[in-house]
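The structure comes first, then the notes.

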Amino acid sequence: MTDATQSDTAFRPKPSLPPPANTVGVVGWMRKNLFGGPVDTVLTLLGVYLLYVILDFVVDYGIVNAIWTADSYRECLDINKGEGACWAGIGVWFNSMMYGRYPDEEQWRINFGGIVLLLWLIPFWLPKVSGKIQVGISAVLTFPFLAASLFIGGDIGIFLHAMTAIALTLFVSVWLNVATCYLMGKSLPAVLISVTGFADKDDRLHKYVLLGAFGVGFVLALLYHLSWDLVEVPTTIWGGLFLTLVISGIGISSALPSGILLALGRRSKMPVIRVFCTAFIELFRSVPLITILFMAVTMMPLFLPVEFNPPKLAMVIVAVCIFAAAYMAETVRGGLQAVNKGQYEAAQAMGLNFWKMMALIVMPQALKLMIPNIVGSFMGLMKDTTLVSIIGLYDILLMGKAAGQNPTWLGFHTEPLLFTATIFFVLCFAMSKYSQHLERTIGGGYGRR
Amino acid sequence: MAVVDKAGPRKGGRSFTEIVNDERYRSVFYQVIVAVAVIWAANYLITNTAENLQARGMSAGFEFLTSTAGFSIAWSIIDYEPGDTYFDVYLVGIANTLIISFFAIIATTLLGFVVGVMRLSKNFIICNLASGYVEVMRNVPLLLHILFWFTLSAALPRPKNSLGLGDMFFLNNRGLYVPAPIPGEGFGVVVIMVLIGIAAAFGVTVWATRRQMATGQRFPAFWVGVGLVVGLPLLAFAALGAPLTFDYPSLKGFNFTGGADVPRAFCALLFALVLYHTVYMAEAVRAGILSVSHGQTEASYSLGLKPSWTLRLVVIPQAMRAVVPPMISNWMNVVKNSSLAVAIGYPDLVAVFMQTSLNQSGHAIEIVGMVMLFYMTVSLTISAALNYYNKLVQIKER
């Protein structure tokens with residue numbers, strides 16, 4: 001009896017009803033995200049209308065009414081009455097907007113330099129390769145010399161020859177390292193030491209082996225490089241996207257090291273150093289880049305010895321580097337402040353000196369925290385490089401403007417701007433997406449708890 | 001004796017390594033090196049400059065500021081004639097820079113709030129429209145935006161077929177024409193009333209806060225303040241018989257006369273600056289609102305505060321703490337970036353002083369110094385204000 005009562009009264013839930021039809025699926029999603037209430041509905045309709053207007057215009061202007069082949073801007077206008085883009089002109093001016101007035105038959109040098117840089121950086125994304133930091137440092141420190149001797153050409157002097165030879169040696173060893181890592185599972189130095197039979201010898205001898213191998217490579221590279229015979233291309237005829245990338249590339253690669261030094265100087269306990277660093281940072285951060293550029297081209301010739309007359313490009317690059325360093329210093333300082341004080345104290349308690357504490361404990365954390373900001377300032381620098389067009393360097397923007405002043409293409413202004421905007425959009429968007437990826441994978445901070 | 005020798009400070013007996021490794025000596029040593037290096041560099045630059053100036057037969061000094069500039073400026077907010085001095089040019093440049101920055105900052109701040117809130121909207125279309133706008137704007141250089149809008153504005157209709165709004169505003173390929181206000185007799189009283197209204201509103205706010213602290217009773221200080229600031233001048237305006245008339249622009253022949261004209265470059269620059277900087281403002285607003293945890297809202301509801309009070313007294317004050325610093329540095333960037341006006345010929349400080357005046361007079365060092373001084377003054381003032389604000393609102397840790 002009791003048994004029966006118990007089983008009768010036991011709670012037996014009925015299977016739950018399916019959710020109301022209008023809260024799931026497409027309809028549910030739309031009710032929730034598009035038509036949540038009267039205000040929401042009005043906003044959605046307005047938004048859709050706006051989107052329609054924009055898309056309609058873009059399609060009409062960029063595709064339907066666009067002209068893809070023409071010989072002059074006049075021809076384009078005759079066909080579409082200016083109601084569509086004249087992409088034909090971009091085809092005609094493409095080469096100029098990429099390379100400026102760099103001679104056609106020498107443009108392979110730029111492409112070659114770009115490919116070398118890409119190849120140099122590829123090991124970063126190969127998971128098995130060891131010594132990624134060394135790869136990065138070697139590229140940042142020596143690639144500019146290789147690029148300079150490649151892009152400028154002509155009689156480059158013994159210093160540039162030597163630096164280029166070092167760059168070539170390092171480049172080859174980076175890829176030999178990749179090969180040994182993948183084929184033998186060991187890094188290049190380890191392979192070198194075991195091949196020469198010094199594996200069981202004193203550690204101090206290992207250094208000599210590596211230096212010797214590097215010396216052999218260096219001599220070979222120097223001999224090879226001395227046989228290069230490139231025509232000189234003066235920097236005055238450099239231009240286009242190539243010039244933009246040269247300036248922003250040098251600015252970006254110099255910004256981080258100099259920014260770190262300035263930031264450390266600003267946080268230093270030594271008053272003299274702190275005052276100088278603070279003054280430098282505050283001065284160059286509080287004025288617009290264009291004034292620094294004007295300063296570079298008007299004042300720098302006055303600062304240098306009378307007989308010295310540097311090319312405009314060099315002065316502009318110095319200005320951009322100063323500007324970038326000042327901004328990066330503040331970003332790095334933000335990172336340093338965000339690192340817990342206990343980390344500094346722990347490092348000191350372990351007996352690390354200042355530079356070891358910074359290099360091994362503090363900087364890795366500070367830089368990781370600041371990845372979005374660092375990439376943000378790289379992006380900002382790249383966008384700001386367009387200002388060099390104001391002081392008359394033929395970067396991609398001024399080259400596009402020059403297109404519209406050519407007699408055959410008179411009035412061809414909007415399309416080069418749109419084309420340039422697209423290029424910048426792609427480059428910067430890729431950078432910001434990559435920074436988000438980095439933040440997820442190696443970034444510190446709150447995301448990883 | 002031996003014990004004293006070991007424990008007491010040794011005189012003159014310190015080894016070289018001991019001195020080198022002592023942190024105090026080391027830091028002095030480094031500082032001396034840096035100071036000497038900087039002084040040497042400065043000396044080197046100054047000697048070179050002196051030599052260069054001598055070689056070019058130029059003189060340094062600010063005397064040129066009092067000589068006649070002799071060129072005309074396309075548009076200026078303060079009076080200027082070609083016969084005025086270089087110093088007047090400097091002032092005109094500063095005024096033109098400040099006026100465009102002023103309008104750009106106001107528009108950027110308002111629009112930034114709207115876009116920032118739009119990005120947080122639960123509405124799929126609105127949120128993504130705002131995101132798309134943000135991505136497109138911030139991944140393209142500002143200079144490109146400026147040139148783009150300037151190029152487009154050249155395609156506006158001629159004065160004859162201007163786009164008009166009523167009979168007051170006209171937009172054509174020369175610029176924007178707006179009615180010019182002409183203050184009549186007694187308009188000064190209205191201005192004074194505005195100032196009195198602001199002071200009174202401030203006083204009421206202080207009083208209301210004190211009373212609330214003492215008694216817990218709230219007083220609608222905000223609305224009373226608005227009433228005072230708007231109402232007092234309106235009353236005075238009406239009492240004095242509306243002492244303000246407008247001079248409307250009108251088409252005479254091929255161009256407009258009367259009213260106030262704003263050049264095309266100004267419009268394009270303002271448009272581009274606002275579109276570009278709104279993005280950064282919007283991101284600041286979004287981050288600020290997201291930074292207030294939902295627990296704050298819930299806690300406030302459970303204390304019995306109604307939603308509007310929760311927003312005003314709990315959420316917004318905390319969000320502002322995160323919004324204001326980036327907002328103000330964005331304002332600073334607007335002022336700095338207005339210098340790109342030089343690319344489209346809007347006569348701002350860089351264009352009239354650093355370009356035209358420098359080319360004409362050749363006093364590079366003085367002119368660059370003066371321009372930098374202006375921008376530094378602006379940005380140091382703003383950052384001083386920002387530091388003060390940060391100190392005011394920072395979380396008081398106990």
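Glu106(A) counts as buried, at 13% relative accessibility; buried means under 20% relative accessible area, exposed over 50% and partly exposed in between, with a 1.4 Å probe and protein chains only. The model is predicted: local features need pLDDT of at least 70, side-chain atom pairs count only at pLDDT 80 or more, and totals for chains, interfaces and linings use all residues. Residues are numbered from 1 along each chain as its sequence is written, chains are lettered from A and ligands numbered from 1 in the order in which they are written, and side-chain values use heavy atoms, with hydrogens and water left out.

**Salt bridges in chain A**
- Glu106(A) forms a salt bridge with Arg109(A) (a side-chain nitrogen of Lys or Arg within 4 Å of a carboxyl oxygen of Asp or Glu).
- The closest N and O atoms of Glu106(A) and Arg109(A) are 2.7 Å apart.
- Arg109(A) is buried, with a relative accessible area of 0%.

**Salt bridges in chain B**
- Glu283(B) pairs with Arg119(B) in a salt bridge, with the closest N and O atoms 2.6 Å apart.
- This pair links distant parts of the chain, 164 residues apart: Glu283(B) is in helix α9 (residues 264-291) and Arg119(B) in helix α4 (residues 86-119) of chain B; helices are DSSP runs (H or I, at least four residues), numbered from the N terminus.
- Glu283(B) also forms a salt bridge with Arg286(B), at 3.7 Å between the closest N and O atoms.
- Glu283(B) is buried at 17% relative accessible area, whereas Arg286(B) is partly exposed at 25%.

**Network and total**
- Arg119(B), Glu135(B), Arg138(B), Glu283(B) and Arg286(B) are linked in a network of salt bridges.
- Over all chains, the structure holds 10 salt bridges.

Note on methods. Helices (H or I, at least four residues) and strands (E, at least two) are DSSP runs, numbered from the N terminus.
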